[in-house]
Amino acid sequence: MTSNEPRGATSGEPPAHDAVVLAGGGARRLGGADKPGVRVGGRALLDRVLAACAGAHTTVVVADPRPTLRPVRWAREDPPGAGPLSALGAGLHHTSADLVVVLSADLPFLAPDTVRRLLAALGSGGAEGALLTDADGRDQPLVAAYRTAALRRELTALGDEQGGLTGLPLRRLTAGLDLTRVPDPVASFDCDTWDDIATARARIREHGHVLDEWISAVKDELGIDLDVDTDVLLDLARDAAHGVARPAAPLTTFLVGYAAARAQGGPEAVAEAARKAAALALRWADESADGRSDVAPDATPDTRPDAG
């Protein structure tokens with residue numbers, strides 16, 4: 001570990017961090033709609049962002065409280081609507097980690113890997129922040145990871161200089177920080193207009209994205225935090241459908257999940273149950289293909305009338 005890496009950083013997992021999600025904007029370009037609650041791929045935009053930063057020790061959402069799929073801590077800037085810097089200051093008040101991920105609540109394509117990459121970029125050098133840049137190379141300070149002490153330092157300095165943080169733009173904050181940049185035109189895409197919402201909804205239904213999006217949505221809806229090999233389950237469903245009957249596919253995969261849950265197992269238990277069920281489906285198909293039953297090969301049915 002180098003001197004620039006925060007405590008808690010280990011290979012293969014992100015360093016300890018908190019998250020602050022800003023979700024209290026007015027959404028004027030959406031006609032005042034409740035933007036964090038707008039659904040993309042069946043999930044509210046806010047819930048999509050919360051799923052991406054689920055690895056945070058504490059997640060603070062700066063907005064009026066609302067139902068969410070993951071537990072969070074709520075905060076509000078004073079006065080409400082005072083702007084992003086005031087909201088960020090209110091959120092930071094509830095954090096304690098050395099690093100903090102700062103996100104807006106309108107990022108439909110944000111993923112856990114995005115958060116890991118930002119934290120890795122921050123930990124690999126002496127920068128005070130790592131932020132995404134969009135397709136046009138513009139900084140996106142609300143898709144970023146920062147050193148918490150640096151944010152507090154700059155917010156305090158700006159508040160003292162300006163007599164408060166109300167109405168100040170984000171660039172006033174980032175101008176005082178040593179930043180590193182991570183280009184990502186997809187994860188940095190945000191939804192400011194209904195056209196943006198339509199674009200996001202169309203993209204996740206493209207062939208290359210729809211299955212991953214659906215599985216993520218189902219896991220969030222059911223409160224499941226489990227990574228499994230979907231190819232194994234798809235192969236099992238195919239074998240059951242082709243070797244037994246089409247309705248056997250969903251019923252068999254359900255039973256595999258139930259068996260794994262009873263075993264209180266993780267991905268390994270799912271894989272083992274799937275292996276057993278797939279082997280059974282293949283045996284079933286082999287019997288059908290052979291046209292044989294459990295009757296011995298040299299046995300013939302007795303068709304003589306019953307003498308009684």
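Among contacts (heavy atoms within 4.5 Å) between residues at least 6 apart in sequence, 66% join residues at least 24 apart. This is a predicted model, in which local features need pLDDT of at least 70 and side-chain atom pairs count only at pLDDT 80 or more, while totals for chains, interfaces and linings use all residues. Residues are numbered from 1 along each chain as its sequence is written, and side-chain values use heavy atoms, with hydrogens and water left out.

The protein has 10 helices and 9 strands. These are DSSP runs numbered from the N terminus: H or I of at least four residues for helices, E of at least two for strands. The chain holds 308 residues, and 41% of them count as buried. Buried means under 20% relative accessible area, exposed means over 50%, and partly exposed lies in between (1.4 Å probe, protein chains only).

Now look inside. A nonpolar core is a set of buried Ala, Val, Leu, Ile, Met, Phe, Trp, Tyr and Cys residues joined through side-chain atoms within 4.5 Å. The largest one has 27 residues. Val-21, Leu-46, Val-61, Val-101, Leu-103 and Leu-110 touch the most other members. At least two core residues come from each of β1 (18–22), α1 (45–52), β6 (99–104), α3 (112–123), β7 (129–133) and β8 (139–147). Take Leu-110: leaving aside residues up to four places away in sequence, Leu-110 touches Val-49, Ala-52, Leu-103, Val-143 and Ala-187. A second, separate core holds 25 residues, including Leu-85, Tyr-146, Leu-165 and Leu-177. In soluble globular proteins, nonpolar side chains tend to be buried together.

Helix α2 (residues 84–92) is largely enclosed by the rest of the structure, because 7 of its 9 residues are buried. They are Leu-85, Ser-86, Ala-87, Leu-88, Ala-90, Gly-91 and Leu-92. Their packing partners are β1, β4 (59–62), β5 (73–75), β6, α4 (148–162) and α5 (170–174).

Next, the cysteines. Cys-53 is buried at 0% relative accessible area. Cys-191 is buried too, also with 0%. The structure holds 0 disulfides (pairs of cysteine sulfur atoms within 2.5 Å).

Finally, go to helix α10 (residues 267–290), where Ala-279 is found. Ala-279 counts as partly exposed because its relative accessibility is 28%. Its C-alpha atom is 9.1 Å from that of Leu-236, which is 43 residues away along the chain.
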